[in-house]
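Dear colleague,

Please find below the structure that I am handing over to you. My notes on what was found in it follow directly after.

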Amino acid sequence: MNTLDSRSLRTGDCFGQKFSVPGEVRYFVSAGGELVPEARQRSEGGYILQVVKAASGAKSKQHNVHVTRKGNTLEASPAKLEIQAGDGVLWYTTDPAVTGFHVAGAGKEFHFSSACIETNAVYTHVFGVPGTYEWRDPHGTSIHGKVEVANVIHRNSDERSQWYESLKQPATFEIKGGKSSPASVKIVVGQTVFWSITDSKGVAITDSQLLPAKAK
Amino acid sequence: MPDIIAAADTTATTDLLHDAESTLGTLSKSGGGSLGPFVANYSASVSFSGGTVNLLPPNVIQIADININYSLGLSFGIDLNDFLPSFCLPQICFFGWCTPKICITWPTVTIPISFSDTATITGDFTVTALLSGADWLVDVTIDSVPLIQFGAGTAALLVAIGAAITAAVGWVPFIGPFLALLADAVLAVIGIAGVTGLLGDILTPFVSGLTFTVYNQPQLFPVLPNSGPNDPEVDVTITALGAVVQASDKNELVISASIAA
C-alpha cells in the first residue's frame, strides 16, 4: 500500500472517470499499467458499462466499483453497470491481496485509462507515510508537482481525534492545458490528495522515485 | 603419600578461576522463549568473567559476583490489530467526487532487537579431579542453579524493545498517530516480568552445570628432555590426582599427585 502511481491502484487509491457520451463501454481491470492489446482493439471480455442518455434535468451521479482479487483474477463489482451520460464511475479496492491494478476501457467514440488519464477524470491517493513525494507524468510531459507529508505522533486520544478531523480536508491538484497547479501541497499523514484531470493528452501520476532516471 | 603437592590460596585460586573463564571463552545457543504473551526467537552468546573466591573445606569453592556477559539477538512478531484501534479513512468529497470509506487492516510486523548486558551470579562450586582422556583436570562445577541477578538489565531491555518497535513499524502506513499507543500497549503486556522470564530462560542453560577447569595437566609429561642417543627423554605419568580445600590459617586449594616413572 501507499505507492503513488495511478498506473497501479491499491488500497487508498481511487480512479474516477466521467462518461458523457451514450453508448456501450467495454472496460478491463488488470494488473500492471498497460493493457495489451489495448481496450480499443478488444471486442470481447472485460466488463460492460452501458451509458444511456440522461433524463431531462437528471443530476449526475457517482457509481463505485470495488475491485478484489479472486485467485489470479481481478474482479470488479458490480460486474454490470448502467449509468446515465454525465455520470461518473469510481474504481477502488480495499482488498490487501490486490497489489496494484489499472482500469482501461473504450466505446465507439471514447476511451479511458487510469494509466493514461485524458479528460474529466480524477485520481486520489491517501498518503500514509511521511516524506516528500515528487510526482511526475511518466509519459514524458512536463506535468509534475510535489506533496510534502508531515508526520504526526500523538500521545492522547484528543490529539488523535483532531488529526482524524483533519483527514476530512483533502489537498488538490488540477491538471489542465498541459499544466498542473498548484506546484506543491502540504498535508499530514493520512490525508488525501485529489488530482482532477480536466483535459490532457494522457497523463499518469507517478512518484518520480518509481521512474527511470531519464524520465525524472 | 602423594609425590607432588601444590597449594593455592584464595588469591591464586581467583587467578586460576579468571584464567579458566578466559579458556572457556564464548558460549552460544539459540532457541525460542516466552516474552510476555509473545514467542521470541533468540540467539545468545555468553562469556563469564570476574568473581571472588572463598575457599570452604572440604571441597567447596564459593564464587561471588561472577559476571555473565551476554549478547542477544531477539525477534518476535506482533499483529498490530491486537494493539491498535480499527481505523477507517473518512469519506472525502471534492471536484464532484466522493471517495469511499476505506478501513485499514494493520499488518503483522517482526520486531528485531539486539541487546547486550551483564548479569551476575554467586554460587557454590564443587572441586573435582578427574582424568579426561590423556589429561588430568581439576574442575569446579556449580552445585545448583543460583539466582541470576539482572540489575538494571531488564529495564534496559524493555527500553530497547520499545525503541525497536518504533523503528520496526516506521514503514507501516498511518502508524504515526498510533505509535506511542502501540509502544505503550506492547510494553505493558510484556512488563518487567516478561523480560525477566525470557532472560532467565535464555541464561539458565548457560549457568546450569557451569564448570570451570582451573587446572589441566597431561597425564604423561616429560621431566627431562632427550639429551643424546644414549640419554633419552624421561617421562613421568601421573597415576592419581586429588584436589581438596584444606583448612589452615588461610584455607587453600590443595592439589596432590602420585607419579610413576
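I begin with helix α2 of chain B, whose buried residues pack against β10 (108-132) and α3 (179-207) of chain B. Packing here rests on contacts, in which the C-beta atoms of two residues, placed from the backbone, lie within 7 Å. A residue counts as buried if 20 or more other C-beta atoms lie within 10 Å of its own, as exposed if 12 or fewer do, and as partly exposed in between, again with C-beta atoms placed from the backbone. Helices (H or I, at least four residues) and strands (E, at least two) are DSSP runs, numbered from the N terminus.

Before going further, please note that this is a predicted model: local features need pLDDT of at least 70, side-chain atom pairs count only at pLDDT 80 or more, and totals for chains, interfaces and linings use all residues. Residues are numbered from 1 along each chain as its sequence is written, while chains are lettered from A and ligands numbered from 1 in the order in which they are written.

**Helix α2 of chain B**

The helix covers residues 153-168, which is 16 residues, and spans 22 Å from its first C-alpha to its last, close to the 22 Å expected at 1.5 Å a residue; the expected span is 1.5 Å times one less than the number of residues. Its buried residues are Gly153(B), Thr154(B), Leu157(B), Ile161(B) and Ile165(B). These residues lie on the same side of α2(B) because they cover an arc of only 120° around the axis, the arc being that of the directions from the helix axis to the C-beta atoms. On the face turned away from this buried side are the exposed residues Ala155(B), Ala163(B) and Ala167(B).

**Strands of chain B**

Strands β13 (residues 220-224) and β14 (residues 234-246) of chain B run antiparallel and are joined by four bridges; two strands pair if DSSP finds at least two bridges between them. In this pair, Pro222(B) stands opposite Asp235(B) of β14(B). β14(B) is also joined by nine bridges to the antiparallel strand β15 (residues 252-260) of chain B, where Val254(B) is the bridge partner of Val244(B). β14(B) and β15(B) form a hairpin, with five residues between them.

**Chain A**

Chain A has one helix and 17 strands. Its radius of gyration, taken over C-alpha atoms, is 18 Å, close to the 17 Å that the globule rule gives for 216 residues, so chain A is as compact as a globular protein of that length; the rule is 2.2 Å times the number of residues to the power 0.38. Buried residues make up 41% of the 216 residues.

An open sheet of eight strands in chain A has the order β5-β4-β7-β1-β10-β16-β13-β14, with mixed pairing. β5 (73-77) and β14 (179-181) of chain A stand at its edges with a single partner strand each, so one side of each is left without a neighbour in the sheet. Within this sheet, β4 (residues 62-70) and β7 (residues 87-92) of chain A run parallel and share five bridges, and Gln62(A) stands opposite Gly88(A) in β7(A).

An open sheet of four strands, also with mixed pairing, has the order β15-β12-β11-β17 in chain A. Six bridges join the antiparallel strands β11 (residues 131-136) and β12 (residues 144-150) of chain A, with Thr132(A) opposite Glu148(A) in β12(A).

With kind regards
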